Structure formats: structure tokens, C-alpha cells
Amino acid sequence: MNTVVIKNLVKTFSSITAIDNLSLNIEKGKITGLIGADGAGKTTLIRLVIGLLVPDSGEISTLGLNPVTQKSELNPKIGYMPQKFGLYEDLTVIENLKLYADLKEVPYDFEKLLEFTSLKPFQDRLAGALSGGMKQKLGLACTLLGSPDFLVLDEPSVGVDPISRRDLMKMVRDLITPETTVLWSTAYLDEAHSFDTAVVLNNGKVIYEGKPHDLASTPQEFENKVIDLMGGYKKEKSLIAENYSPIQTDIECTVVADNLEKKYGNFYAVKNNSFCIKRGEIFGLLGPNGAGKSTSFKMMCGLAKPTSGTAKLMGVDIIKDPEKARSNLGYMAQKFSLYGSLTVRQNLEFFAAAYGIALLDRKKRIDEIIQVFGFSNIENQKSEDLPLGYKQRLSMACALIHNPPILFLDEPTSGVDVVTRRDFWNHITSLAKKGITILVTTHFMDEAEYCDRISLFYHGETIAVGTPQELKDRAHAYNMEDTFISLIKESEKE
């Protein structure tokens, strides 16, 4: 029996065909993973299935109902968690749960959910003060209220650490009934490999539908097969690195953290953080959500004042001469930090001016960046209308526009598809070979393998530093995900 039956579905937005004559069945009582490149049509398909969008043509039946004409009957049977779940950040954990229970007209029966999410001790904490992983758990708890027949999750694990991802997966598997159908969109292909069914979308069409293990037996093989289905990835010379002319320097440690600390009241967000990153090194900062990674980044950029300690960029003290120190740095923030109402070109113009590029050189540099990053066809589009992969690419372009010798990348590939991720890392590793020093955070543990050295961060402190292989050896683990989880758990025991 099928929860969703789709026949010859078409959905267009002006000249763009988002869903192209698509037919698909989603089986009852199974977890179906929805994967594909940015702009493949995943979110559009989800919204059509639950009645948030009206199709141009074709048929959809969801739980035996028409999602357009019978939406009021369908809504109580569906639990939907969109990409940016609407938690009320100025309400507490328990107030959010009560609000969603009222909206769904279900009783205040939260005991089991609070237990599963480990949010019981934080019931009175504001949702806005939770870490990324805890916010996602609370969002999922609100979605699960009332035991929906059909659970629809649009990238629920984007931007959360491996421990929180496993927790989210366990929550779903343990809290649904055998009759519940789950549609789970994800950028993590190891996640998709563990589901009952995988549906791969490309340009609004289904290019694979079946059991993940029928495509490949291991997650890594599965990732390679999916990339092949999506047209493959051919590693080419990075034009971004080829066109890069960083400042030459004899300084060996171009980035230095010297006993950096950040304290809020009695709480240490970062404690005794010290490291030296050599010129041309890729240094990974890994850790769970809320470990203090972004706080460290902000202090080292001069965006947050340390309680004590300091940092040096190209030998310049960030506290004594913040403006000069920052001129050596390109910073790509965790959340898309560009101006949504400005076009691609206007964003580049703004950042070129902000980084002090002379007016006569500015147009030449922007034209060069547009060419190198492949923005020619979208330079007049507003940045808020771009697919996530392009937004991330534009963020990187703005960070690199002034040819800085140091690059700080805070989760640069969060939420982007697997092909775009490989492309990003091709550019990152190529830039490092040209002598750019790179400090990067990521929640994709396969990406950690690209780093020359890694600092594992937990509760604001460094708990392990070394090459990926050294950390794997220490944890007696085969891959970085198991290494991460093992070393965090070891630290908790201590």
C-alpha cells in the first residue's frame, strides 16, 4: 500500500520547470530518503505532496486525499518539519511544545519526547539559547506531537554534528509506529543509505527509486553511485586558485591563537584556546554544536572581544590593531551573511569596497570573480533567490575578493549537495597549495579527512589535536565519524 501516489506531476516557476512530468509512489510504513543536487526539486516536491503548493498539472494522492482540495482533512495527519523550522526563539522549550500541541489540538503529553530529546533539564531555557542540535531536536519533537501518520522532514539534520544526527535518527525510528510513513530529504548520503528506500531527483525528474543497498553496499560506494547518476564529478584545475595572488610572507605561523578565552558570567564559551596554523595549512576545527567553534572564529576575526588572551593574523595582534589584522582575512560566516535584496554583482561590489579595493581596480576584479566562479548567467539575480549551493559559492567569492592570505570558513558546505561539496573542497585544497592558510569547521566527517591537522573542540576546550590519521589511531577507529564520537565520549568520562 502507498501513502503517496504521484502521476505525471508538473510544476513551473515562470520559465523554470521545477518538477518535470514526475511519477512516484511512496510506500506506507517505510522511511524514504529524498536526495539530489541543489535546485533538483526536492523542497518543491515536498510542498506539493502536503498541499503547500498547487501543481500545474498531474495527480497527487496523499493518505488517500487530494492535498489541494482536501487540505483541511489532510493537515492533522501530517507532521511537517521545513528546512528552517519555525521555533519561537523568545519562548522556552516547554512553551514551544505547548504552543504546537495547541495548534495540533493534542494533549500536553511531553514526558516521552523530553526524555528522548534530552531536553528535560532545559525545559525553561529559551529556544533561541539552544545549540543547533538541540533546536533541531525540539523542532522534531514539535513535529512528532500527535503521532502523525505521515512524517515529512526537509533536511532536519543540516548543520548538526554527528552525535546529534544519530540522536535525530534514533528519535524518528523509536518514536514512530510501524504504520508511520517518513519522507526525509537529506544532504548526508550516509543517512540516505540507511533508509528503506532512496529517491534521487535531478532537474525535477526521478533518476533512481529503490533500495539504497541495491545501488551500493557501503555508504561511500552509494555516494559515488549517486554522483554518477547525477552526471558525475570530474575534478578539474581550480580556476579560483589559478587566479589567486596572495600576499607573500616569511611568517611561518600565519594564524596564532594565544590562550583565547570567552566568558559569559560564570560560563566559559571558550577556555585556554591556543594553536598555531602554518602558512598553506588546512586546519579543521571540529566539535559538537555549542562546543565554542563559532565563538573562537568570531574572536579571531575581531567580531567578539576575548575575555582574555589574543590572536594574531600575519603577525598582527587582533586586539591592538584589529583593522590591519582583519585586512589579511577572508571570512565566510556559518549562516548566509550576504545582502539578500542585492544582486550577485552588487554584493561583490559592496564587499570589494568594504575590503578597500581601489575604485579603478574594482570592476576588473569583480569581472574576474564573476568569470572564475561561473556567475555570468546569474550576476543580476538577487542573492536571496539563489539555490543554496550558489549562495555558498557567492559567500566564498566575497570572502576571497581582496586576495587575503588567510581564509576562515565556518561550515562552508552546510546543506549543499554532494557534487557541490566536492567542488568546494577542490577549491579549498588548491588554495592551500598556493600558500593560503585555511581554518575551517565542518559537520561532514568525510571532509575532515582533507584537513592537514584537526583540533577537536568540546565544552570550549581542545580535547585532541593531530592529523586525521593520528586522531583515528588514538580512537582505534576506522573513520572520522566514529573517531569524533569516541573521543567526545572519552572526554565526557574524564
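In which loop is Leu 63 found? In this predicted model, Leu 63 sits in the loop between strand E4 (57-62) and helix H2 (71-74). Its phi is near 55°, a positive value in a residue other than glycine. Leu 63 counts as partly exposed, because its relative accessibility is 26%. Asn 403 likewise has a phi near 55°, positive in a residue other than glycine. The loop that holds Asn 403 runs between H15 and strand E16 (406-410). With a relative accessibility of 17%, Asn 403 counts as buried. Most residues other than glycine have a negative phi.

The largest nonpolar core comprises 52 residues, of which Leu 348, Phe 373, Phe 375, Leu 431 and Ile 438 touch the most other members. Helix H15 (residues 388-400) makes the greatest contribution to this core, with 6 residues. A second, separate core contains 48 residues, including Val 160, Phe 195, Ile 227 and Val 419. In soluble globular proteins, nonpolar side chains tend to be buried together. For Phe 373, when residues up to four places away in sequence are not counted, the residues touched are Ile 240, Arg 393, Met 396, Ala 397 and Leu 400.

The second largest pocket holds about 720 Å³ of space. It is lined by 25 residues, and those closest to its centre are Asp 190, Pro 219, Asp 446, Asn 479 and Glu 481. By class, the lining divides into 12 charged, 9 nonpolar and 4 polar residues. At least two lining residues are supplied by each of helix H6 (162-175), helix H7 (189-193), helix H9 (219-229), helix H17 (445-448) and helix H19 (480-493). The largest share of the lining, 5 residues, comes from H6.

Ala 216 is placed in the loop between helix H8 (212-215) and H9. Ala 216 counts as buried because its relative accessibility is 5%, and buried means under 20%. Leaving aside neighbours within four places in sequence, Ala 216 is in contact with His 193, Glu 221, Phe 222 and Lys 225. Lys 205 is 11 residues from Ala 216 along the chain, and the C-alpha atoms of the two are separated by 21 Å. Ser 296 belongs to helix H11 (residues 293-301) and is buried, with a relative accessible area of 1%. Apart from neighbours within four places in sequence, the contacts of Ser 296 are Val 270, Asn 273, Leu 285 and Phe 457.

The disulfide count comes to 1. The bond joins Cys 253 to Cys 276, with an S to S distance of 1.8 Å. The torsion about this S-S bond is about -50°, so the disulfide is left-handed. The pair links distant parts of the chain, 23 residues apart, with Cys 253 in strand E10 (residues 253-264) and Cys 276 in strand E11 (residues 267-278). Cys 253 is partly exposed, at a relative accessible area of 22%, and Cys 276 also counts as partly exposed, at 27%. For Cys 301, the closest cysteine sulfur is that of Cys 398, at 15 Å, which is too far for a bond. A disulfide requires sulfur atoms within 2.5 Å. Cys 301 is buried, with a relative accessible area of 2%, and Cys 398 is buried with a value of 2%.

Terms used. Residues numbered from 1 in each chain as written. Predicted model: local features only at pLDDT ≥ 70, side-chain atom pairs only at ≥ 80, totals over all residues. Heavy atoms only, no water. Core = buried A, V, L, I, M, F, W, Y, C linked by side-chain atoms within 4.5 Å. Buried < 20%, exposed > 50% of the residue type's maximum accessible area, 1.4 Å probe, protein only. Helix = DSSP H or I, 4+ residues; strand = E, 2+ residues; numbered from the N terminus. Contact = heavy atoms within 4.5 Å. 1 Å grid on protein atoms, 1.4 Å probe; cavity = no way out; pocket = protein on both sides within 12 Å on 5 of 7 lines; lining within 4 Å. Points joined across faces, edges and corners; volume = space filled by probe spheres on them. Nonpolar A, V, L, I, M, F, W, Y, C, P; charged D, E, K, R; others polar.
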